[in-house]
Amino acid sequence: MTEKQSLIVDTAVNLIAENGFKKLSMKKIAEEIGVSEPALYRHFTGKQDIMMAILEKFEQIAHNVISKITDNNLQGLESIKTFILNRYSLFGQNPKLTKVMMSEDIFLYNDELADRMLSIMQNHKKLLLKSINEAEALGEIKPELEPAQLFRIIIGSM
């Protein structure tokens, strides 16, 4: 992503967090940045394209923790702890991005965005279920506990 595209994405995140997705427009982004509306179209084809870039940014951030876990061969509870602490750190450092990612109105009526978000969430689920199963195999979690339920507890707490 270019520096200008990054600025556009960050501005869109701020505007969505402050006013909601439905009030986001290319015109408002252009006004906030101080450029003409046609100038935005040199970087993005429209609002949908900007939203996909926001999801890509979130996915890249999410990928960083997955890489940290796999690169350091973290397993079981250590992997789960790293994931959870990373999510809370992300939420604390990027409250506006978090608000946008947790906003149902963005994904409720847009299948393409919903599918992309679902894909990101499924990657998280896959990682956490693997970590939960490892923790069970290592004796760190009781085998009576259902991995899918533990996943819901972990994600639900966020």
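Mentor: Happy to! One term first: a helix here is a DSSP run of H or I with at least four residues, and helices are numbered from the N terminus. Keep in mind that this is a predicted model.

Trainee: Got it. Which helix is Asp105 in?

Mentor: Asp105 is found in helix α7.

Trainee: And is Asp105 buried, exposed or partly exposed?

Mentor: Asp105 has a relative accessible area of 26%, so it is partly exposed. The cut-offs are under 20% for buried and over 50% for exposed.

Trainee: What is Asp105 in contact with, leaving aside its neighbours within four places in sequence?

Mentor: With those neighbours set aside, Phe21 and Lys22 are in contact with Asp105. There is also Gly20, which is 85 residues from Asp105 in sequence but 8.4 Å away in space, C-alpha to C-alpha.

Trainee: Which side chain makes a polar contact with the side chain of Asp105?

Mentor: That would be Ser103, at 2.3 Å.

Trainee: You mentioned Phe21. What sits over its ring?

Mentor: The charged end of Lys47 does, 4.3 Å from the centre of the Phe21 ring.

Trainee: Let's zoom out. How many helices and strands does the protein have?

Mentor: Nine helices and zero strands. The protein has 158 residues, and 39% of them count as buried.

Trainee: Which residues touch the most other members in the largest nonpolar core?

Mentor: Ile29, Ile54 and Met101 do, in a core of 32 residues. Helices giving two or more residues to this core include α1 (3-19), α4 (47-71) and α8 (111-137). A second, separate core has 14 residues, among them Ile66, Leu74, Leu128 and Ile141.

Trainee: Back to Met101: what is it in contact with, beyond neighbours within four places in sequence?

Mentor: Met101 is in contact with Ile54, Leu55, Phe58, Phe107 and Met117.

Trainee: New topic: how many aromatic pairs does the structure hold?

Mentor: One. Tyr88 and Phe91 form an edge-to-face pair, 6.4 Å centre to centre with 85 degrees between the planes.

Trainee: Where do Tyr88 and Phe91 lie?

Mentor: Both are in helix α5, three residues apart, which is about one turn of the helix.

Trainee: And is Phe91 buried or exposed?

Mentor: Phe91 has a relative accessible area of 14%, so it is buried. Tyr88 comes in at 38% relative accessibility, so it counts as partly exposed.

Trainee: Thanks, that helps a lot!

Notes: Residues are numbered from 1 along each chain as its sequence is written. This is a predicted model: local features need pLDDT of at least 70, side-chain atom pairs count only at pLDDT 80 or more; totals for chains, interfaces and linings use all residues. Side-chain values use heavy atoms; hydrogens and water are left out. A nonpolar core is a set of buried Ala, Val, Leu, Ile, Met, Phe, Trp, Tyr and Cys residues joined through side-chain atoms within 4.5 Å. Buried means under 20% relative accessible area, exposed over 50%, partly exposed in between (1.4 Å probe, protein chains only). Contact means heavy atoms within 4.5 Å. A polar contact is a pair of N or O atoms within 3.5 Å; within protein, one must be able to donate a hydrogen and the other to accept it, and residues adjacent in sequence count only if both atoms are side-chain atoms. Rings of Phe, Tyr and Trp (its six-membered ring) pair if their centres lie within 6.5 Å; planes under 30 degrees apart count as stacked, over 60 as edge-to-face and the rest as tilted. A charge sits over a ring if NZ of Lys or CZ of Arg is within 6 Å of the ring centre and within 35 degrees of the ring normal.
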